[in-house]
Amino acid sequence: MQDPARVFSRKRLAALALAAALLGAAALHGHAVVDDPVTDMPAATAAPKQNLTDLQNRRDAAQRRLDEIKAQISATQGRIDAANQLKAQYQQQQAAIKETIDLINQQIESMEQQIAELEVLIAQKEQEIAAKQADIDARWAGFKERMAAMQMLNDGGSIALLSNVTNMYELLTFSQTLEDIAAKDQQVLAELNAEYDELNIMKEELAAAASQLDASVAQLQQQKADLDEKVQELAASIQAQNNQISIDEATQQANEAALSEEEKEFNEATAAIQSFLAAQNSKYSTPDLYCSLNFGFPIAYYSRISNGFGSYGTNNWRKSAHGGSDLVSPCGTEIYAAADGIVSVSHRWGGGKSGNDSYGNYVMILHGKADDGNTYATLYGHMNTAPLVSEGQAVTKGQVIGYVGTTGNSTGYHLHLELRINNVRTDPTKYIPLP
Ligand SMILES: [Zn+2]
């Protein structure tokens, strides 16, 4: 391994104290997209000497738990939505049935009014029948008297009557009158009886109509009772859904609390990784490590930038801005050190897609402090094979450090290029020329 002191020019010793302070206190800033879940977290306080694998495992575990909790939240929300949907259906059914009950109540009310009207008519008829009966009775009494008188006359036994008759004509007339009266009585009685019968028929018709209405009302009452029962059943179903929703909402609250807790853990684990990267730069920072800012091409060839710095993509559980530039390039394309420096991280990919493994095989190069007082580092992610350089090794601008690949959390061959100024990720294309 080369001594960095021999490789890099000695300059600006006065800035060293400041550089060390900046490295130590730097608030890390950068962003992740789908190929880079090492997210944007302040990280200065995390323990720099923590084992990287531990950090990675901690972050991976937090990620897994986050995914589980999110799945639970999603499932619980699904149940709540389903219960609410069911509840809405029940409420609709209930409303429809209540409308029907209202209609039935109106019908019953109307029929009961008709029945009351019929009962008045029936009572009237009964009065008329009673009156008719009185007429008949009265007529019948008179008729009987007159018939008795006629009988006496016919029997010839009414000497007293005859003695009052002054002549034969008078007697005949009297007899005829009696007969006429009797005939009239019979006619009137027959008429009265016919009217009486007619009244009774009318009364029976009214009673039949009332009875039919009573039957209809009874039928409607039964329908109403059935519907009332259905409304009660639906109310019970709605209550059951409400109970389920309450339980699920309590579960959801617990889930949300767990999610918040786990996000905190994830963020801390993420910050620890950023801290690790910062600590690695700090570890290799020496007073004579000078960055000229004269950056060169970091790659032999690329076709386009698929994902620029600061762009937003979705990762598993939240959106955050991209911390570098993705240069689309064929597999195996040479990757160059953008400037002289010391390899502060040389990571051999462990096969994972998150945590420190999200960069796949990757290299970070510390370039040192520039005249502007800031400390510069570059990071090269997703290399096809293990890096060609090792941690602590001095590299020179243009040196091949690895080849384009798609290791780690990546979906296609590209170089994920980061520029870190005082450990804060910045748009690399503003400093580093591209072929
Ligand atoms: Zn990227």
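Predicted model: local features only at pLDDT ≥ 70, side-chain atom pairs only at ≥ 80, totals over all residues.
Reader: Why is H382 called buried?

Author: The cut-off for a buried residue is 20 or more other C-beta atoms within 10 Å, and H382 has 28 C-beta neighbours inside that distance, so H382 counts as buried. H382 is found in strand β8, and it has a positive phi of about 70° although it is not a glycine.

Reader: What makes N422 buried?

Author: With 21 other C-beta atoms within 10 Å, N422 is buried, as the cut-off is 20 or more. This residue is found in the loop between β11 (414-421) and β12 (424-426), and N422 too is not a glycine, yet has a positive phi, of about 50°.

Reader: How do you know that β7 and β8 pair?

Author: Pairing requires at least two bridges between the strands, and β7 and β8 (residues 375-383) are joined over 7 bridges in the antiparallel sense, so they pair.

Reader: What makes β6 and β7 a pair?

Author: Strand β6 (residues 341-347) runs antiparallel to β7 and is joined to it by 5 bridges, where at least two are needed; S346 has V363 in β7 as its bridge partner.

Reader: Which residues touch the most other members of the largest nonpolar core?

Author: Among its 45 residues, these are I335, V363, I365, Y380 and L415, while helix α5 (residues 168-283) provides the largest share of this core, 9 residues.

Note on methods:
Residues numbered from 1 in each chain as written. Helix = DSSP H or I, 4+ residues; strand = E, 2+ residues; numbered from the N terminus. Core = buried A, V, L, I, M, F, W, Y, C linked by C-beta atoms within 7 Å. Buried ≥ 20, exposed ≤ 12 C-beta atoms within 10 Å, placed from the backbone.
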